[in-house]
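Please read them with the coordinates open.

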Amino acid sequence: MASAPQESLPARLVVLVSGSGTNLQALLDAQAAQGPAAYGAEVVAVGADRDGITGLERAERAGLPTFVRRLRDHPDRASWDRALTRDVAAHRPDLVVSAGFMKVVGAEFLAAFGGRIINTHPALLPSFPGAHGVRDAFAHGVKVTGCTVHFIDEGVDTGPIIAQGVVPVREKDDESALHERIKEVERELLVDAVGRLARNGYRIEGRKVYIP
Ligand code: GRF
């Protein structure tokens, strides 16, 4: 699968969040600092699976349209997934970024945006996938961990890897201190990866991602 550099930069990004939204903020800061055309991408809308989160407040402060799609308002996961797909499609994204979005998207979402959905995960995949990547790595006693920016496929944190950053574990770390240091690296990695994908285009061959 290949994607040419966006014909008309900046590429349109829809960002999905579930929490504090510091990764979203990093994208917003990069586009503000460099200008959307030079950075190559621009956040056009922010979606969430819950209300009342700082991630949505950040979007509102930036004057962006937001939407909330809660699983519990739907009879089943497929109907939630269909509605989320519609919400995102309405903003005509070139790329979708799952930035701390704590839900696994379904078949319909993948059919609409497959090969264009980027996720950030706070561990060095394929080790420690899932919702507790930092906790699981810390409990395992690893000496280095980090973060992975990757494309989403039908598995949980299994898609082709775009970029990884390494973070050493310190003797005095607890889970939360470690996660904060991972997030510092993660924000830079995500900003860099999204910008390069948008500006240069990319191709996915099996498990490999090539950015010219
Ligand atoms: C990130 O570490 C992400 O990888 C994980 O949750 C954190 C989200 O942080 N799934 P934020 O909401 O972007 O501040």
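1. Which residues in α1 meet which residues in α7? From α1 come Thr-22, Asn-23, Ala-26, Leu-27 and Ala-30, and from α7 come Lys-183, Glu-186, Arg-187, Leu-190, Val-191 and Val-194; contact means heavy atoms within 4.5 Å. By class this contact has six nonpolar, two polar and three charged residues (Ala, Val, Leu, Ile, Met, Phe, Trp, Tyr, Cys and Pro count as nonpolar, Asp, Glu, Lys and Arg as charged, and the others, Gly among them, as polar).

2. On provenance, this is a predicted model, in which local features need pLDDT of at least 70 and side-chain atom pairs count only at pLDDT 80 or more, while totals for chains, interfaces and linings use all residues. Residues are numbered from 1 along each chain as its sequence is written, and side-chain values use heavy atoms, with hydrogens and water left out. Helices (H or I, at least four residues) and strands (E, at least two) are DSSP runs, numbered from the N terminus.

3. The axes of α1 and α7 come within 9 Å and cross at roughly 45° (axes are lines fitted to C-alpha atoms, for helices over the stretch in contact, with angles from 0 to 180 degrees between N-to-C directions). That makes α1 oblique to α7; angles under 35 degrees count as roughly parallel, over 145 as roughly antiparallel, 65 to 115 as roughly perpendicular and the rest as oblique.

4. For α6 (residues 133–140) and α7 (residues 175–200), the axes come within 10 Å and cross at roughly 120°. The pair is therefore oblique too. Val-134, Arg-135 and Phe-138 of α6 make the contact with Glu-175, Leu-178, His-179 and Ile-182 of α7. Its classes are four nonpolar, one polar and two charged residues.

5. The largest pocket holds about 740 Å³ of space. Among its 37 lining residues, Gly-100, Phe-101, Met-102, Thr-120 and Pro-122 are the closest to its centre. A pocket here is an open set of points on a 1 Å grid over the protein atoms alone, where a 1.4 Å probe fits, with protein on both sides within 12 Å along at least five of seven lines; lining residues have an atom within 4 Å of a point. α7 gives the most to the lining, with four residues. The lining divides into ten nonpolar, 19 polar and eight charged residues.

6. Two backbone items deserve a look. Leu-125 and Pro-126 are joined by a cis peptide bond, with omega about 10°, and Pro-126 lies in the loop between β6 and α6. Arg-92 has a positive phi, near 45°, and is found in the loop between α4 and β5.

Conventions. Points joined across faces, edges and corners; volume = space filled by probe spheres on them.
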